[in-house]
Structures are given as C-alpha cells and as structure tokens.
Amino acid sequence: MLVGLNKAYLMGRAGRDAEMRAMAPSGTPVCKVSICTPTARRVDGQLVEDVDWHNLVGYNAIAEAMAGIRKGVGFMVECKISQKKWTDREGKIHYQTDLVVTKVLWIDGVSSVPDLGEPPLDETPFPEEGS
C-alpha cells in the first residue's frame, strides 16, 4: 500500500480580516481567511513581483487561533489540500479547493506593510456540517 503525503506550507500576509462562523447544527467553529504569497523573478534584468492569493479554512481550535488574523498581518500555515464538488440551488456544479489549516504561526515583526492589492472576492460558501 502506498502512503501519501498531503501538506502545503504557505508564508505571507492576510488579505483581509479573518471571518469566523459556527457550523450548524453542531456549532463547530470554522474560520476563513485569505493569504497572499508574493514572489519575485527577473525579467530582462528587472525584478518583477508576482502575487498569488490562497483561501484558507480552519476548524475547531485552529479556527479560534485564526480568528485573530487581521489584514496585513504576516503568518505561516501548514495545510492539507481538500477538494470538493457541490451543486448550487440553480443546479450549477462548482469545484472548490480548500487549504485546510492544521498549524498556524505568526511571523509578523515588520512595522510597514506593503500594499499588495486586494484579494479576489471569496464567494465560496462556508463549509457545511458533513461536507
């Protein structure tokens, strides 16, 4: 039997304040936040910055820890990649990839926060019980 590994590590800054909710009917805490991961590369001798945005979700104690994340704060996460397929009320099929946070570490110590723009609007629904 092949044993796999499903881990991702991201380090960056929060694109917006964390959003905390409770799943119905259990009341399990769930928290969503976006993180930007800027990288730099050289193009024709010039330094060009690329910014990728990632949507994170945490549950239970991790959700409660993530609830303190504010826009611009630097942090690092260890995640598990989770993929879902769901159908909306109009019958349209959606695919969603979540980065489920398993560990969070605050790394901020920088007094000035660069303007990396706004993250794309996250219109994915909060996870529901049993999904």
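Which side chain of opposite charge is nearest to Asp88, and how far away is it? Let me start there, and then walk you through the rest of the chain.

The answer is Lys92, at 6.1 Å. Asp88 is buried, and yet it has no salt bridge. Keep in mind as I go that this is a predicted model. Where does Asp88 sit? In the loop between β5 and β6. What its side chain does reach is the backbone nitrogen of Glu90, at 3.0 Å.

Okay, how far can we trust the prediction? The chain has a mean pLDDT of 85, with 82% of the residues at 70 or more. Then there's the stretch 110-114, where the pLDDT is below 50. Apart from near neighbours in sequence, that stretch makes four contacts in the model.

Now to the inside. In soluble globular proteins, nonpolar side chains tend to be buried together. Here, the largest nonpolar core has 17 residues. The members that touch the most others are Val33, Leu56, Ile69, Phe75 and Val77.

Let's zoom in on Val33. Skipping neighbours within four places in sequence, Val33 is in contact with Leu56, Ile69 and Phe75, among others. Its contacts also include Ala14, Arg16, Asp17 and Ala18. Hold on to those four names, please.

They come back with Arg70, in the loop between α1 and β5. Again leaving out neighbours within four places, Arg70 is in contact with Ala14, Arg16, Asp17 and Ala18. Arg70 and Gly15 are 55 residues apart along the chain, but their C-alpha atoms are separated by 8.2 Å. The side chain of Arg70 reaches the backbone oxygen of Ala67 at 3.1 Å.

Why does Arg13 count as buried? Because its relative accessibility is 15%, and the cut-off for buried is under 20%. And what does its side chain reach? The backbone oxygen of Gly72, at 2.8 Å.

To come back to where I began: Asp88 is buried without a salt bridge, and its side chain reaches the backbone nitrogen of Glu90.

Conventions. Residues numbered from 1 in each chain as written. Predicted model: local features only at pLDDT ≥ 70, side-chain atom pairs only at ≥ 80, totals over all residues. Heavy atoms only, no water. Core = buried A, V, L, I, M, F, W, Y, C linked by side-chain atoms within 4.5 Å. Buried < 20%, exposed > 50% of the residue type's maximum accessible area, 1.4 Å probe, protein only. Contact = heavy atoms within 4.5 Å. pLDDT = per-residue confidence, 0-100. Polar contact = N/O pair within 3.5 Å; in protein donor to acceptor, adjacent residues only side chain to side chain. Helix = DSSP H or I, 4+ residues; strand = E, 2+ residues; numbered from the N terminus. Lys, Arg positive; Asp, Glu negative; His and termini not counted. Salt bridge = Lys/Arg side-chain N within 4 Å of Asp/Glu carboxyl O.
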